[in-house]
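Let's take a friendly look at a protein model together. Keep the picture open as you read, and find each residue as it comes up.

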Amino acid sequence: MLRMGAMIPVTEFRQFSEQQPAFRVLKPWWDVFTDYLSVAMLMIGVFGCTLQVMQDKVICLPKRMSLPNQAVPSQNTSAIMLDPTLAPHADFSPEPAVQEMKGLKTNLDLQQYNYINQMCYDRALHWYAKYFPYLVLIHTIIFMVCSNFWFKFPGSSSKIEHFISILGKCFDSPWTTRALSEVSGDNPEKKESRKPNHNISTLESNLEKSHSLRSIAEKFVVDKPAARALDKKEGEQAKALFERVKKFRLHVEEGELLYIMYVRQTVLKVLKFILIIIYNSNLVSHVQMNVMCNVDIQDMTGYKHFFCNHTMADLFSKLSYCYLCFVSVYGLTCLYTSIWLFYRSLKEYSFEYVRQETGIDDIPDVKNDFAFMLHMIDQYDPLYSKRFAVFLSEVSENKLKQLNLNHELTAEKLRQRLQINSSNRLELKFFMLSGLPDTIFEVTELQSLKLEIMNNVTIPAAIAQLEDLQELSLYQCSVKTHTAATTFLRENLKVLRVKFDDSRELPHWIYSLRNVEELYLIGSLSPDISKNINLESLRELKSLKILSLKSNLTKIPQSIVDVSSHLQKFCVHNDGTKLVMLNNLKKMVNLTILELVHCDLERIPSGIFTLACLQDLDLKDNNLKSIEEIVHFQQLRKLTSLKLWYNAICYIPENIKKLGSLEHLHFNHNKIEILPSHLFLCNKLRYLDLSFNDIRFIPPEIGVLQSLQYFSVTCNKIENLPDELFFCKKLKTLKLGKNTLSLLSPKISYLVLLTHLELKGNHLEVLPAELRFCRNLTRSGFVVEDNLFETLPSDVREQMKLE
């Protein structure tokens, strides 16, 4: 068994120190050096164990004790007794030279000698002399395990493996070479017209300033052919690498496992070194060649004193001194490692030198395990950290995303995505992109640009190429503009829409757009708007005609009133926040459209009554219950549209008859029960919506509305329709759904212009055949139950289907 163990080759111990070849980048010079020392010490241990097993350990001879009645042997006799090679002889008288010499007889056979050798080896030989090679072997294995344990431990090896995988891909990525070339001013795409000799001479002049720049210059010269344009596949791979680096950084920077494990294994090696030096220095002298053995085995051998020879003592003594030398060097190296660990800030890593060399200023410093691994990488080759740093830079990532965008969105594809928006302009929409593709500036016919949920968007000076651009929409975007781009927008932009979560996202340049005519701001502001947004600068918007604020204002800022002289449309959608102090509205003398939506108004603001130019008033979704103030609207001679929908109005006052100029009236979604007859004295009404109320009866005075084109009483409690309703012969839309009607008058035939009729949700059993005279009414515009539709004569049904 022992002989088989002795024949195990040194390579079998490789499993204690072997790691993946890629892990070598995390092995600094001292770890490599100690690995070689471990191999040397391992060879000493294996060699000693092999000798220990393969050869005899000790050779012992019995020692005779002189008796009193015996003569003391002569000098020659003593020499014969001590020399096992000489045969003892009883007669010491001179003999002829040819006579054979004989030693002392011990009367011991071979088995007894073997027994004596084993007993003396066990009892008399010092334990250090016996187990020295095994100790060397065990200590060396422990050293090897300690040196590589962090490569094997599951919690740390997974991080290391992931890091090495990312590091290798970052090092070999074509984007790394391209990024370093671009930021260093050596972009071949931009400088291919320059002569190579000029680049070389520039580098040579820089080399004279600093020796450290030599390696950088050589790197540029070598990398220049590789800094080509990336194809789509390479761009996608680099993009995926950026994401992997981000996630890995977040994961690794949270802990210190790798650093702690490496420190602990280093400290353990130092303690092990001290222990080995102490006890080996004291015990190495016990490895002796001659050993006196006193064992009580006289009853079996006839002797109890023996003189033994340790056959490998001399060799073991030399090996032990050699081993001590190796251990000393190993220990000093570990002490140096400890000093490096404890006297350097390895939990923080600064890329300052990389920022200075590459010009990429936004490379962040890292900490904890991430920093520690980068420090270890620097001991192998600092170039790894430099190339890896490219994938920590947002500037580099944005450039890559820009490149991918340009590959993905060519000018031809962008032209295919052009649409006509509600303002009748050619518009391009971009949603959740990393930036603006450079190819957009080739689409010179573009008139409107809409960006939604895009971070860190930069509008370059090249936007000036879009000479027809007049409308810009920024929905939840953080935007930066070049100075030349700001100048272009100031002169050309007519419409600007900005949707934001925080008022700090508002670009400062919006207040300098002196030619902008329409401004739409959507976002949450604090009750005191002046603390969040400098609306004072709106005074510069001399051409502003339409201002829309969808926010949570408590009052109208004075800055808006200051620009009100040229405002024609003012909209406030307040998301339920109570809007007070509306007297400033009276200063908007040129206002034609006013919308105060969801402002929790309980009364109609008095400031509205002086707006002589007002044509359209929308007070939707407030808390209006009484509208007696409506009498003051008679001063608004131009008022044609009044929207009081989605409130809590219970009745319509008689004074509404004084609003003779009204053409559109919205009372839907209120609590009105009775329709006053004087409502129909507004004989210019073309649009009347009374749906979603509690109305039970329609007065016959409705017949006065000869201009009525749209009439809706959906979702009320109406049981009968007055015949006068059918005298409104200009009606095109009639909505009577969800009431309690049981009969539809044949006079429906008077409404020859009818295009939309809604009857669904009533108690009707049959439809009048006179519907055939409503020749503009089609099946799609006739909202009724299918079974009720079948009650019509077949020719009427066919007529509607054909039309």
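## Aromatic rings

The structure holds 30 aromatic pairs. Rings of Phe, Tyr and Trp (its six-membered ring) count as a pair if their centres lie within 6.5 Å; planes under 30 degrees apart are called stacked, over 60 edge-to-face, and the rest tilted. Take Phe 727 and Tyr 750: the ring centres are 6.3 Å apart and the planes meet at 15°, so this pair is stacked. Phe 727 sits in the loop between β21 (710-712) and β22 (733-735), while Tyr 750 sits in the loop between β22 and β23 (756-758), so the pair ties together parts that are 23 residues apart in sequence. Here helices (H or I, at least four residues) and strands (E, at least two) are DSSP runs, numbered from the N terminus.

Elsewhere, ring pairs link Trp 127, Tyr 128, Phe 132, Tyr 279, Phe 316 and Tyr 323 into a cluster.

## Charges over rings

In the same way, the charged end of Lys 620 sits over the ring of Tyr 646, 5.0 Å from the centre. The rule asks for NZ of Lys or CZ of Arg within 6 Å of the ring centre and within 35 degrees of the ring normal.

## How to read the model

This is a predicted model: local features need pLDDT of at least 70, side-chain atom pairs count only at pLDDT 80 or more, and totals for chains, interfaces and linings use all residues. Residues are numbered from 1 along each chain as its sequence is written, and side-chain values use heavy atoms, with hydrogens and water left out.

## Two disulfides

A disulfide is a covalent bond between the sulfur atoms of two cysteines. With the rule that the two sulfur atoms lie within 2.5 Å, the count comes to two. Which cysteine does Cys 60 bond with? The partner is Cys 308, with the sulfur atoms 2.0 Å apart. This link is right-handed, with 110° about the S-S bond. It connects distant parts of the chain, since Cys 60 is in strand β1 and Cys 308 in strand β3, 248 residues apart. Cys 60 is buried at 2% relative accessible area, and Cys 308 is buried at 3%.

The other disulfide joins Cys 120 to Cys 293, S to S 2.2 Å. Its link is left-handed, with -90° about the S-S bond. Cys 120 belongs to helix α4 (residues 110-123) and Cys 293 to strand β2 (residues 290-294), 173 residues apart. Cys 120 is buried at 3%, and so is Cys 293 at 0%. Counting bonded cysteines along the chain, the pattern is 1-4, 2-3.

## The strands around them

Strands pair if DSSP finds at least two bridges between them. β1 (residues 58-62) and β3 (residues 305-310) run antiparallel and are joined by five bridges, with Leu 61 partnered by Phe 307 of β3. β2 and β3 also pair in the antiparallel sense, over five bridges, and Cys 293 stands opposite Phe 306 in β3.

In β1, Val 58, Cys 60 and Pro 62 make up the covered face, and Ile 59 and Leu 61 the uncovered one. In β2, Val 291 and Cys 293 are on the covered face, with Asn 290, Met 292 and Asn 294 on the uncovered one.

Technical notes. Buried means under 20% relative accessible area, exposed over 50%, partly exposed in between (1.4 Å probe, protein chains only).
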